[in-house]
Amino acid sequence: IREHKTSVKIEIDNNLSLGWKVDDIIMATNFPFEYRGVKSILVSDDNYCADISPCAPIINVIVELFDRKLIEKNELYWYHDTDLYQLYKIRESELNLGQADIVLVEWENGAKISASSFFFKSSAKDIFGWIKEIMYKYRVDEEVAMMELLKNNPIAGSKNVNKRVKKINITYDFEMGYLN
(Lines give C-alpha, C1' and ligand atoms only; values in the text may rest on other atoms or scores of the structure.)
Protein backbone atom coordinates (compact mmCIF):
# COMPACT_ATOMS: atom_id res chain seq x y z
CA ILE A 1 0.00 0.00 0.00
CA ARG A 2 1.42 3.36 -1.02
CA GLU A 3 0.63 5.06 2.31
CA HIS A 4 2.57 2.41 4.25
CA LYS A 5 5.60 2.68 1.96
CA THR A 6 5.65 6.43 2.55
CA SER A 7 5.08 6.03 6.30
CA VAL A 8 8.02 3.64 6.66
CA LYS A 9 10.32 6.00 4.79
CA ILE A 10 9.22 8.95 6.92
CA GLU A 11 9.83 6.85 10.04
CA ILE A 12 13.35 5.91 8.94
CA ASP A 13 14.14 9.52 7.94
CA ASN A 14 12.83 10.70 11.32
CA ASN A 15 14.90 8.17 13.27
CA LEU A 16 18.08 8.98 11.37
CA SER A 17 17.52 12.74 11.82
CA LEU A 18 17.36 12.16 15.59
CA GLY A 19 20.75 10.46 15.54
CA TRP A 20 19.79 6.81 15.34
CA LYS A 21 22.41 4.57 13.77
CA VAL A 22 21.31 2.42 10.83
CA ASP A 23 22.41 -0.69 12.76
CA ASP A 24 20.14 0.24 15.68
CA ILE A 25 16.98 0.14 13.56
CA ILE A 26 15.30 -3.24 13.37
CA MET A 27 12.64 -3.55 10.72
CA ALA A 28 11.08 -6.99 10.51
CA THR A 29 8.99 -7.75 7.43
CA ASN A 30 7.87 -10.78 5.46
CA PHE A 31 9.25 -9.20 2.26
CA PRO A 32 12.62 -7.69 1.35
CA PHE A 33 12.83 -3.96 2.03
CA GLU A 34 15.68 -1.47 2.11
CA TYR A 35 15.77 2.29 2.50
CA ARG A 36 18.74 4.53 3.37
CA GLY A 37 20.80 1.54 4.47
CA VAL A 38 18.09 0.07 6.71
CA LYS A 39 17.43 -3.50 5.54
CA SER A 40 14.50 -5.52 6.79
CA ILE A 41 14.94 -8.78 8.66
CA LEU A 42 12.81 -11.36 6.91
CA VAL A 43 10.33 -13.08 9.22
CA SER A 44 7.86 -15.89 8.65
CA ASP A 45 4.50 -15.38 6.95
CA ASP A 46 3.13 -17.55 9.76
CA ASN A 47 3.27 -14.53 12.07
CA TYR A 48 0.24 -13.05 10.34
CA CYS A 49 -2.98 -14.14 12.03
CA ALA A 50 -5.89 -12.06 10.76
CA ASP A 51 -8.40 -14.37 12.43
CA ILE A 52 -7.23 -13.02 15.80
CA SER A 53 -6.24 -9.45 14.95
CA PRO A 54 -4.37 -7.67 12.17
CA CYS A 55 -2.10 -6.32 14.94
CA ALA A 56 -1.28 -9.73 16.47
CA PRO A 57 1.82 -10.12 14.26
CA ILE A 58 3.53 -7.50 16.45
CA ILE A 59 3.84 -10.00 19.28
CA ASN A 60 4.44 -12.98 17.01
CA VAL A 61 7.34 -11.25 15.27
CA ILE A 62 8.93 -10.20 18.57
CA VAL A 63 8.65 -13.80 19.79
CA GLU A 64 10.29 -14.95 16.54
CA LEU A 65 13.11 -12.42 17.01
CA PHE A 66 13.67 -13.82 20.52
CA ASP A 67 13.61 -17.40 19.18
CA ARG A 68 16.17 -16.46 16.52
CA LYS A 69 18.34 -14.91 19.27
CA LEU A 70 18.21 -11.47 17.63
CA ILE A 71 17.22 -9.76 20.90
CA GLU A 72 20.45 -9.18 22.78
CA LYS A 73 21.12 -8.98 26.51
CA ASN A 74 21.90 -5.57 28.02
CA GLU A 75 20.08 -3.75 25.23
CA LEU A 76 16.90 -1.73 25.45
CA TYR A 77 14.48 -2.12 22.56
CA TRP A 78 11.68 0.19 21.55
CA TYR A 79 8.88 -1.23 19.47
CA HIS A 80 6.62 1.31 17.84
CA ASP A 81 4.20 1.39 14.94
CA THR A 82 5.33 3.18 11.81
CA ASP A 83 2.69 5.87 12.26
CA LEU A 84 4.19 6.83 15.62
CA TYR A 85 6.80 9.56 15.39
CA GLN A 86 9.55 10.39 17.83
CA LEU A 87 9.83 14.12 18.44
CA TYR A 88 13.02 14.22 20.50
CA LYS A 89 15.77 11.89 21.66
CA ILE A 90 14.57 9.53 24.36
CA ARG A 91 17.21 8.60 26.88
CA GLU A 92 17.05 5.38 28.83
CA SER A 93 17.49 7.36 32.03
CA GLU A 94 14.25 9.28 31.46
CA LEU A 95 12.34 6.00 31.33
CA ASN A 96 13.68 5.15 34.79
CA LEU A 97 13.27 1.42 34.19
CA GLY A 98 14.59 0.27 37.54
CA GLN A 99 14.08 -3.50 37.60
CA ALA A 100 11.35 -3.45 34.92
CA ASP A 101 11.70 -5.82 31.99
CA ILE A 102 9.07 -4.08 29.89
CA VAL A 103 7.67 -0.54 29.83
CA LEU A 104 4.11 -0.19 28.58
CA VAL A 105 2.19 2.92 27.61
CA GLU A 106 -1.00 3.35 29.60
CA TRP A 107 -3.85 5.57 28.50
CA GLU A 108 -4.80 8.45 30.77
CA ASN A 109 -7.72 6.70 32.43
CA GLY A 110 -5.73 3.48 32.97
CA ALA A 111 -8.36 1.50 31.10
CA LYS A 112 -6.09 0.49 28.24
CA ILE A 113 -2.53 -0.46 27.48
CA SER A 114 -1.27 0.60 24.07
CA ALA A 115 0.65 -1.87 21.95
CA SER A 116 1.65 0.87 19.51
CA SER A 117 4.72 1.74 21.57
CA PHE A 118 6.61 -0.12 24.28
CA PHE A 119 10.15 -0.61 25.52
CA PHE A 120 11.62 -3.95 26.54
CA LYS A 121 14.76 -5.84 27.48
CA SER A 122 15.76 -9.41 26.68
CA SER A 123 14.51 -10.43 30.13
CA ALA A 124 10.93 -9.84 28.87
CA LYS A 125 11.01 -12.93 26.63
CA ASP A 126 8.62 -14.89 28.84
CA ILE A 127 6.22 -11.92 29.03
CA PHE A 128 5.89 -11.88 25.24
CA GLY A 129 5.32 -15.64 25.30
CA TRP A 130 2.52 -15.18 27.83
CA ILE A 131 0.93 -12.39 25.78
CA LYS A 132 1.01 -14.61 22.69
CA GLU A 133 -0.47 -17.52 24.62
CA ILE A 134 -3.35 -15.35 25.86
CA MET A 135 -3.99 -13.97 22.35
CA TYR A 136 -4.41 -17.45 20.91
CA LYS A 137 -6.22 -18.98 23.89
CA TYR A 138 -8.86 -16.25 24.12
CA ARG A 139 -8.73 -15.09 20.46
CA VAL A 140 -8.03 -11.47 21.45
CA ASP A 141 -5.69 -8.79 20.15
CA GLU A 142 -2.37 -7.96 21.80
CA GLU A 143 -3.67 -4.99 23.83
CA VAL A 144 -6.47 -7.05 25.38
CA ALA A 145 -3.96 -9.85 26.04
CA MET A 146 -1.58 -7.42 27.77
CA MET A 147 -4.37 -6.11 30.00
CA GLU A 148 -5.52 -9.66 30.81
CA LEU A 149 -1.99 -10.65 31.77
CA LEU A 150 -1.57 -7.64 34.06
CA LYS A 151 -5.00 -7.82 35.68
CA ASN A 152 -5.64 -11.54 36.04
CA ASN A 153 -2.31 -13.40 35.57
CA PRO A 154 -4.04 -16.27 33.72
CA ILE A 155 -0.83 -18.07 32.73
CA ALA A 156 1.18 -20.34 35.01
CA GLY A 157 4.29 -18.52 36.21
CA SER A 158 2.95 -15.03 35.52
CA LYS A 159 1.85 -14.29 39.08
CA ASN A 160 4.46 -11.59 39.73
CA VAL A 161 4.46 -10.07 36.24
CA ASN A 162 3.29 -6.65 37.49
CA LYS A 163 6.56 -6.28 39.42
CA ARG A 164 8.38 -6.56 36.09
CA VAL A 165 6.24 -4.02 34.24
CA LYS A 166 6.50 -0.26 34.35
CA LYS A 167 3.73 1.90 32.94
CA ILE A 168 4.37 5.27 31.35
CA ASN A 169 2.03 7.93 30.04
CA ILE A 170 0.51 8.31 26.60
CA THR A 171 3.06 10.91 25.48
CA TYR A 172 5.27 7.95 24.49
CA ASP A 173 2.58 6.90 22.02
CA PHE A 174 2.26 10.06 19.97
CA GLU A 175 0.57 9.13 16.72
CA MET A 176 -1.87 10.62 14.27
CA GLY A 177 -4.85 8.71 15.65
CA TYR A 178 -4.63 10.55 18.99
CA LEU A 179 -4.68 14.04 17.55
CA ASN A 180 -8.08 15.67 18.02
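1. Two strands pair if DSSP finds at least two bridges between them. Strands (E, at least two residues) and helices (H or I, at least four) are DSSP runs, numbered from the N terminus. On that basis, β5, β7, β6 and β8 form an open sheet of 4 strands, in the order β5-β7-β6-β8, with mixed pairing. β5 (77-80) and β8 stand at the edges with a single partner strand each, so one side of each lacks a neighbour in the sheet. From one strand to the next, the twist averages 25°.

2. This is a predicted model: local features need pLDDT of at least 70, side-chain atom pairs count only at pLDDT 80 or more, and totals for chains, interfaces and linings use all residues. Residues are numbered from 1 along each chain as its sequence is written, and side-chain values use heavy atoms, without hydrogens and water.

3. What joins β6 to β7 (residues 113-120)? There are 5 bridges, and the two strands run antiparallel. I102 stands opposite F120 in β7. The hairpin of β6 and β7 has 6 residues between the strands; there, G110 takes a positive phi near 75°.

4. β8 (residues 165-168) runs parallel to β6, joined by 4 bridges. V103 stands opposite K166, and V105 opposite I168.

5. Helix α2 (residues 57-67) packs on the sheet, touching β5 and β7. Contact means heavy atoms within 4.5 Å. The direction of α2 makes about 20° with that of β7. Axes are lines fitted to C-alpha atoms, for helices over the stretch in contact, and angles run from 0 to 180 degrees between N-to-C directions.
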